[in-house]
Amino acid sequence: MTMRLDRLPGTRRRPASGPASGAAATAAALPRRLDQVARHAPAIALAAMFLLPLVVCVTTAFMTQLQAGTGTLWPSPWTFGNFGAVFEAIPFGRDLLNTVLYAGLSTLGVVISSVPVAYALARMRWRGSRAAFLVVLATMMVPAQVTSLPLYVMYADLGWIGTLKPLIVPSFFGDAFSIFLLRQFFLTLPEEVFEAARVDGAGEFRILRSLVVPMARPAIAAVALFAFLFAWNDFYNPLLFTGNSPDGQTLAVALTTIAKTAHQSAYQLQMAASLMFLLPVLVIFALAQKVFVEGVTMTGVKG
């Protein structure tokens with residue numbers, strides 16, 4: 001006489017496996033997923049609003065001239081020749097070189113000039129430091145349009161109009177926003193480290209070079225990324241100071257000339273050029289995202 005094992009005391013039946021159990025697990029997980037979607041619905045909607053222009057830019061870059069600008073969201077057929085046509089419409093290589101020079105050298109100037117000033121305002125004891133810091137903050141409140149005319153006259157007297165000098169040289173004299181961020185970060189560093197270095201006979205420059213800069217690398221990287229993105233996307237200053245000079249034109253200004261050179265609506269070329277203009281920034285931000293977020297979060301606002 002045989003006895004089934006699943007009927008013995010202490011013996012548990014294994015749950016049935018197969019399509020039925022998989023469907024049951026999926027049905028049980030569905031309410032939980034819907035609840036998560038409902039909780040994050042505002043964030044999803046906001047992300048979709050920000051991504052929609054990028055999606056339109058990407059799809060339009062692959063459209064034909066007849067299809068671009070008609071409201072169609074999907075290319076039919078896909079046209080890859082628009083990217084090559086951009087090089088025929090504008091001198092893309094020369095404008096790219098000007099943009100790289102402007103963004104790279106101005107970023108270098110901002111970092112070199114802002115770090116010592118921020119250290120002096122944060123850690124060096126001297127009369128009038130708070131007043132000087134208030135003057136730096138006041139310059140952030142002055143619109144750029146207010147100083148455009150005096151700067152243009154000054155650069156014209158120097159013979160710099162039409163070149164990259166008005167865009168690069170001022171960055172070596174400090175940037176108020178970068179000085180503010182770095183100063184706030186320097187205030188969070190422990191005072192004991194500076195006191196110990198001074199007791200050992202280290203001067204202020206050595207403290208800045210050997211202690212502050214290594215500890216402030218995340219904040220310096222964040223400031224450098226801010227400066228690079230501003231210079232790369234800057235349209236107002238290159239348009240004002242370089243004008244129609246072919247030797248100083250940047251990509252931000254060149255994008256507006258595509259429609260003029262094409263003698264007709266060329267939305268597909270503008271979107272293709274915009275996509276190539278945007279790609280390096282996305283790559284740099286993706287590679288430096290960790291350092292950038294760390295630098296921003298560590299730069300607290302302290303009095």
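This is a predicted model: local features need pLDDT of at least 70, side-chain atom pairs count only at pLDDT 80 or more; totals for chains, interfaces and linings use all residues.
Entry 1, salt bridges. I looked up the total first: the structure holds seven salt bridges. I then asked which residues are linked in a network of salt bridges. The network takes in Arg 123, Arg 125, Glu 191, Glu 195, Arg 198 and Glu 204. I followed Arg 198 from there.

I found a salt bridge from Arg 198 to Glu 191, with 3.9 Å between the closest N and O atoms. Glu 195 also pairs with the Arg 198 side chain, at 4.0 Å from N to O. For Glu 204 and Arg 198 I noted a salt bridge with an N to O distance of 3.0 Å.

Entry 3, spacing in the helix. I checked where Arg 198 and Glu 195 sit. Both belong to helix α9, residues 191-199, and because they are three residues apart there, about one helical turn separates them.

- Glu 191 comes out at 25%, which counts as partly exposed.
- Glu 204 has a relative accessible area of 28% and is partly exposed.
- Glu 195, at 32% relative accessibility, is partly exposed.

I turned to helix α10, residues 204-215. At what angle do the axes of α9 and α10 cross? I noted roughly 145 degrees, with the axes coming within 10 Å. The crossing of α9 past α10 is right-handed.

From α9 I listed Val 193, Phe 194, Ala 197 and Arg 198. From α10 I listed Glu 204, Ile 207, Leu 211, Val 212 and Met 215. I sorted the residues of this contact by class: seven are nonpolar, none is polar and two are charged.

How values were computed:
Residues are numbered from 1 along each chain as its sequence is written. Side-chain values use heavy atoms; hydrogens and water are left out. Buried means under 20% relative accessible area, exposed over 50%, partly exposed in between (1.4 Å probe, protein chains only). Helices (H or I, at least four residues) and strands (E, at least two) are DSSP runs, numbered from the N terminus. Axes are lines fitted to C-alpha atoms, for helices over the stretch in contact, and angles run from 0 to 180 degrees between N-to-C directions. A crossing is left-handed if the near helix is turned anticlockwise from the far one by less than a right angle, and right-handed if clockwise. Contact means heavy atoms within 4.5 Å. Ala, Val, Leu, Ile, Met, Phe, Trp, Tyr, Cys and Pro count as nonpolar, Asp, Glu, Lys and Arg as charged, and the others, Gly among them, as polar.
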